[in-house]
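Subject: Structure handover

Hi,

Here is the structure you asked for, sequence included. My notes follow below.

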Amino acid sequence: MFYLAKLPGNYNVIIFGGSVNYGQTYFVSPVNASSGAMNFGVYSGSAITTNSYANVLQNLPTANIGTTRTGTYQGLAWALGAGTGSNNWDLTFSGTNTSVMPALNQTTTALQNAFTLQNSVLVNGFTYDCPVFDKNNVCVSVGGRYATVNTNSVNSTGGLLIGTYRINNQIRAGAYIDQNISTNSTGIVKVANASPMVGLFGIWSERLDGAGTEVKVSAGYGQKNTTMTRPIVDGTEAGSGSSTLTSQGAQAIGRYGFAVADKTIVSPYVGLRYTQNNMGGYTESSSSSVTAPLTYSAVNTNTTTVVAGLGANYKVMPDITLLASAGLENDLSTSNGTYSATGLYGINPIGFNSNPVKTRATASAGAYYDVANNQRVSLNYIFRQEQFQGVNSNAAFLTYAIGL
C-alpha cells in the first residue's frame with residue numbers, strides 16, 4: 001500500500017497468516033514534516049505464522065517512528081528493526097505463543113479424557129462373557145453399559161451383544177459388539193457413536209463350577225470419528241478439524257479357583273495385556289474466521305501391562321451369586337507421544353502423558369441371578385485407576401443371558 005498524507009498517531013500491522021499475507025506500507029517521500037512520530041503495534045487478531053516479516057514499513061525515516069519499537073503480542077516478543085534498503089523496517093517475533101499454547105493445553109486435556117474413555121471401554125471388554133448354555137451349546141447375551149471418566153461430563157452409554165459357542169465342557173469361544181448409544185464430552189472434543197467396539201475371546205476352564213484352572217484370551221478393536229475444536233484464548237482462532245481415534249489390544253489372563261467353603265471360591269489371577277490408542281494427524285479447516293489453520297501430527301500411545309489380583313464369588317442362595325475382585329496393574333512399557341501442531345509461530349509440542357501412573361489399582365463388584373437353568377441376569381461394576389494423573393474410570397454393566 002502507498003501512503004501520502006500526514007502520518008497517523010498509531011499504526012497497527014495486520015497479519016492474516018502465511019509468510020506473505022501481511023500489511024506492508026510504502027510511505028511516499030517526503031513524509032509531511034509536521035507528522036511527528038508514529039506509534040507502531042500489532043493488530044489484535046493477527047495470526048503470527050513465522051518469526052520475521054520483511055518491510056512492514058518502507059521509506060519511513062527513523063524520526064517518524066515512535067521510540068517504543070518493541071512489545072508483546074499473545075506472549076510473543078516483537079521488535080521493529082532496520083530492514084533491507086533505506087528507511088525500511090522489518091518486524092521480528094521470538095518466544096512462545098502464550099495464547100495459543102493454553103488453547104492447545106485445553107485440547108490436550110480433552111483428548112486425554114477421550115483416549116481414557118475409549119481405552120477403558122476396550123479393556124473392560126476383555127471381561128465380557130456369556131457362560132449359560134442349553135442343548136445347542138449357544139449363549140446369547142444382551143445388555144447395556146455405562147462408562148465415565150472422573151465426572152459425568154465425560155461418559156458414554158452403549159448397547160451390548162455377546163455370543164458364545166461351547167465347543168465342549170471345558171472350551172468356549174465368543175465374540176461381542178459394544179455399540180455406543182450416546183457420548184458426552186467437553187465442547188472441545190466430540191466423539192461420534194457410529195462404529196462399535198468389537199472383540200473375540202476364548203476360554204478354557206478346568207471345571208464348570210469355577211474351581212481349578214481357567215485361561216482366557218481376548219482381543220478387541222474400535223474406531224471412532226473425532227472432532228477437535230480449539231478454544232478461543234486471548235483472541236486466538238477457533239480452528240476445528242477431524243480425525244479417527246483407533247483403539248485395539250489383546251489380553252491373556254489365567255486364574256486358579258480354590259473352593260474355600262461350600263459356597264465360596266477364591267481365585268488369584270495374573271495376566272498380560274497390550275493396548276494401543278492412535279489418532280491420526282489432521283488439519284483445521286480454513287474459513288473467514290480461521291485464517292491460519294493449524295496442522296497436527298498423529299498421537300500414538302501403547303502400553304504393555306501385567307495384571308494380578310484376587311477374585312472371589314459367594315453363592316448367597318442357589319440362584320444368586322455375589323462377585324468381587326481387587327488387583328493391581330503395572331506397566332512394563334509405555335509410549336505416549338506428543339500433541340504437536342504447526343502453522344503458527346511459537347508453538348511447542350505437548351507431552352501427551354509425560355508422567356504416567358505406571359502402577360494402578362482396579363476393583364470390581366457384581367452379582368448374577370439365575371432366572372432358570374439357561375437364563376441369567378447380571379449386574380457388574382468396574383473401577384480403574386488410569387494412566388493419567390488423578391484420572392479414574394468407572395463402568396457399570398447390566399446384561400441378560402440365555403442359553404440356546
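The structure holds 1 disulfide, where a disulfide is a pair of cysteine sulfur atoms within 2.5 Å. Cys130 and Cys139 are its partners, with an S to S distance of 1.9 Å. The link of Cys130 and Cys139 is left-handed, at -70° about the S-S bond. Cys130 counts as buried because its relative accessibility is 0%. Cys139 also has 0% relative accessibility, so Cys139 counts as buried. For these labels, buried means under 20% relative accessible area, exposed means over 50%, and partly exposed is in between (1.4 Å probe, protein chains only).

Before you read on, some ground rules. This is a predicted model, in which local features need pLDDT of at least 70 and side-chain atom pairs count only at pLDDT 80 or more, while totals for chains, interfaces and linings use all residues. Residues are numbered from 1 along each chain as its sequence is written, and side-chain values use heavy atoms, with hydrogens and water left out.

**Cavities**

Rolling a probe the size of a water molecule over the atoms shows where empty space is left. The whole structure has 4 cavities of 30 Å³ or more. A cavity here is a set of points, on a 1 Å grid over the protein atoms alone, where a 1.4 Å probe fits but cannot get out; lining residues have an atom within 4 Å of a point. Grid points are joined across faces, edges and corners, and a volume is the space filled by probe spheres set on the points.

The largest cavity has about 240 Å³ of space. Its lining has 21 residues, and Asn119, Asn277, Thr303, Glu386 and Gln387 lie nearest the centre. At least two lining residues come from each of α1 (100-125), β16 (264-279), β19 (299-317) and β25 (375-385). Helices (H or I, at least four residues) and strands (E, at least two) are DSSP runs, numbered from the N terminus. α1 gives the largest share of this lining, 5 residues. By class, the lining of the largest cavity has 12 polar, 5 charged and 4 nonpolar residues. In this scheme Ala, Val, Leu, Ile, Met, Phe, Trp, Tyr, Cys and Pro count as nonpolar, Asp, Glu, Lys and Arg as charged, and the others, Gly among them, as polar.

The second largest cavity has a volume of about 90 Å³. Its lining includes Gly45, Gln74, Val100, Arg230, Thr236 and Leu344.

Gln74 is in the loop between β6 (70-73) and β7 (76-82). Gln74 has a positive phi of about 50° although it is not a glycine. Gln74 is buried, because its relative accessible area is 9%.

What does Ser99 touch, not counting residues up to four places away in sequence? Ser99 touches Gln74, Val233, Asp234 and Thr236, contact meaning heavy atoms within 4.5 Å. Ser99 lies in the loop between β8 (89-94) and α1. Its relative accessibility is 2%, so Ser99 counts as buried. The side chains of Ser99 and Asp234 are joined by a polar contact of 2.8 Å. A polar contact is a pair of N or O atoms within 3.5 Å; within protein, one must be able to donate a hydrogen and the other to accept it, and residues adjacent in sequence count only if both atoms are side-chain atoms.

**Other sites**

Asn55 is in strand β5 (residues 52-58). Asn55 has a positive phi of about 55° although it is not a glycine.

Gly174 is in strand β11 (residues 171-184). At 12% relative accessibility, Gly174 counts as buried. Leaving aside neighbours within four places in sequence, the contacts of Gly174 include Gly163, Gly199 and Phe201. Gly174 and Gly199 are 25 residues apart along the chain, and their C-alpha atoms are separated by 8.5 Å.

Gly210 is in the loop between β13 (197-205) and β14 (212-229). Gly210 counts as partly exposed, at 34% relative accessibility. Not counting residues up to four places away in sequence, Gly210 touches Gly257 and Ile265.

Arg255 lies in strand β15 (residues 240-261). Arg255 is partly exposed, at 29% relative accessibility. Arg255 and Val233 are 22 residues apart in sequence and 52 Å apart in space, C-alpha to C-alpha.

Best wishes

Conventions. On a 1 Å grid over the protein atoms alone, a cavity is a set of points where a 1.4 Å probe fits but cannot get out, and a pocket is an open set with protein on both sides within 12 Å along at least five of seven lines; lining residues have an atom within 4 Å of a point.
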